[in-house]
Amino acid sequence: MATGRTHRPATRSRGIPEATVARLPLYLRALTALSERSVPTVSSEELAAAAGVNSAKLRKDFSYLGSYGTRGVGYDVEYLVYQISRELGLTQDWPVVIVGIGNLGAALAGYGGFASRGFRVAALIDADPAMTGRPVAGIPVQHSDDLEKIIAEDGVSIGVIATPAGVAQQVCDRLVAAGVTSILNFAPTVLSVPDGVDVRKVDLSIELQILAFHEQRKAGEEPGDDSAAPAAAPVVPQAATRTTAESGRKGPDGDVPAVMPA
């Protein structure tokens, strides 16, 4: 089977907008659910509702794939699953390394969605010598001293960082120097990377802060209602601060964090 190092999806070269790329996994998740229920066809309105997007936007997105559906019938579910999977590169084998096997890294190692979506966890890596050789989700943890060797031997092009924030940039630099060109970052920090490297950031604390904002609004509590309290300085989410090296390359929706598929 081809590896991610030698075969990369042609999405960008075909001129598909990044915003469309960001919605393709949403369509694929909805289509997969339909396929599992043996639903043969689906209308653009039904699929858009299942994916949480506007039906006109869905039809525009699919036009970039060359798929227009059939009037009165809709879209062929199985064909769309294949078409989107191919466009996203999920019909290939993508070796992934996870660096940082604490609670979060261990949970990611056991996440079944990787294998079902074309991602193979090639290695688990941690700097703690006590972790070396310990099996996590059936995979023995390897020491970070062997990071470059592991990446070269397994042809890894995707790295997952689940380390503390203080060492995340150092880990990122080593991954990039070893040839990794795509990084999924769970560390609560913004990474600086060179051109040609893509980073998707997942920050659960920021997502919770956003939910807290909406909860406050739903409760009818405006910030600053307590006149006795001093005015607080505005909180700027960390993901909103970006280095020049990061701008324009962190994903189709700017600072919106990536979300693990259901």
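**Exercise 1. In this predicted model, determine which residues of α2 meet which residues of α3, and describe how the two helices pack.**

*Solution.* Step 1: list the contact. On the α2 side stand Ser 44, Glu 45, Leu 47 and Ala 48, and they meet Ser 55, Leu 58, Arg 59 and Phe 62 of α3.

Step 1: classify these residues. The contact of α2 with α3 comprises four nonpolar, two polar and two charged residues.

Step 2: Two packed helices are described by the angle between their axes and the distance between the axes. For α2 (residues 44–51) and α3 (residues 55–64), the angle is about 100° and the axes lie 8 Å apart. Angles of 65 to 115 degrees count as roughly perpendicular, and α2 is therefore roughly perpendicular to α3.

**Exercise 2. Describe the packing of α1 with α4 and the residues that form the contact.**

*Solution.* Step 1: take the geometry. Helix α1 (residues 18–36) packs with helix α4 (residues 77–88) at an angle of about 145°, their axes being 9 Å apart. The crossing of α1 past α4 is left-handed.

Step 1: list the residues. From α1, the contact involves Val 21, Leu 24, Pro 25, Tyr 27, Leu 28, Leu 31, Thr 32, Leu 34 and Ser 35; from α4, it involves Val 77, Glu 78, Leu 80, Val 81, Ile 84, Ser 85, Glu 87 and Leu 88.

Step 2: classify them. The contact of α1 with α4 holds twelve nonpolar, three polar and two charged residues.

**Exercise 3. State the order of the strands in the open sheet, identify the edge strands, and locate the helices that pack on the sheet.**

*Solution.* Step 1: read the order. Seven strands form an open sheet with mixed pairing, in the order β5-β6-β4-β3-β7-β8-β9.

Step 1: find the edges. β5 (135–136) and β9 (198–201) are the edge strands, since each pairs on one side only.

Step 2: examine the β5 end. Two bridges join β5 to β6 (residues 139–143) in the antiparallel sense, and Pro 135 is opposite Pro 140 of β6.

Step 3: place the helices. Helix α7 (residues 147–154) packs on the sheet and touches β3 (94–99), β4 (119–126) and β6; the direction of α7 makes about 165° with that of β4. Helix α8 (residues 165–177) also packs on the sheet, touching β3, β7 and β8, and its direction makes about 170° with that of β7.

**Exercise 4. Decide whether Ser 144 is buried or exposed, and name its contacts beyond four places in sequence.**

*Solution.* Step 1: locate the residue. Ser 144 belongs to the loop between β6 and α7.

Step 1: apply the cut-off. Buried means under 20% relative accessible area; Ser 144 has 12% and is therefore buried.

Step 2: name the contacts. Leaving aside neighbours within four places in sequence, Ser 144 is in contact with Ile 125, Asp 126, Ala 127 and Arg 174.

Key:
Residues are numbered from 1 along each chain as its sequence is written. This is a predicted model: local features need pLDDT of at least 70, side-chain atom pairs count only at pLDDT 80 or more; totals for chains, interfaces and linings use all residues. Side-chain values use heavy atoms; hydrogens and water are left out. Axes are lines fitted to C-alpha atoms, for helices over the stretch in contact, and angles run from 0 to 180 degrees between N-to-C directions. Helices (H or I, at least four residues) and strands (E, at least two) are DSSP runs, numbered from the N terminus. Angles under 35 degrees count as roughly parallel, over 145 as roughly antiparallel, 65 to 115 as roughly perpendicular and the rest as oblique. Contact means heavy atoms within 4.5 Å. Ala, Val, Leu, Ile, Met, Phe, Trp, Tyr, Cys and Pro count as nonpolar, Asp, Glu, Lys and Arg as charged, and the others, Gly among them, as polar. A crossing is left-handed if the near helix is turned anticlockwise from the far one by less than a right angle, and right-handed if clockwise. Two strands pair if DSSP finds at least two bridges between them. Buried means under 20% relative accessible area, exposed over 50%, partly exposed in between (1.4 Å probe, protein chains only).
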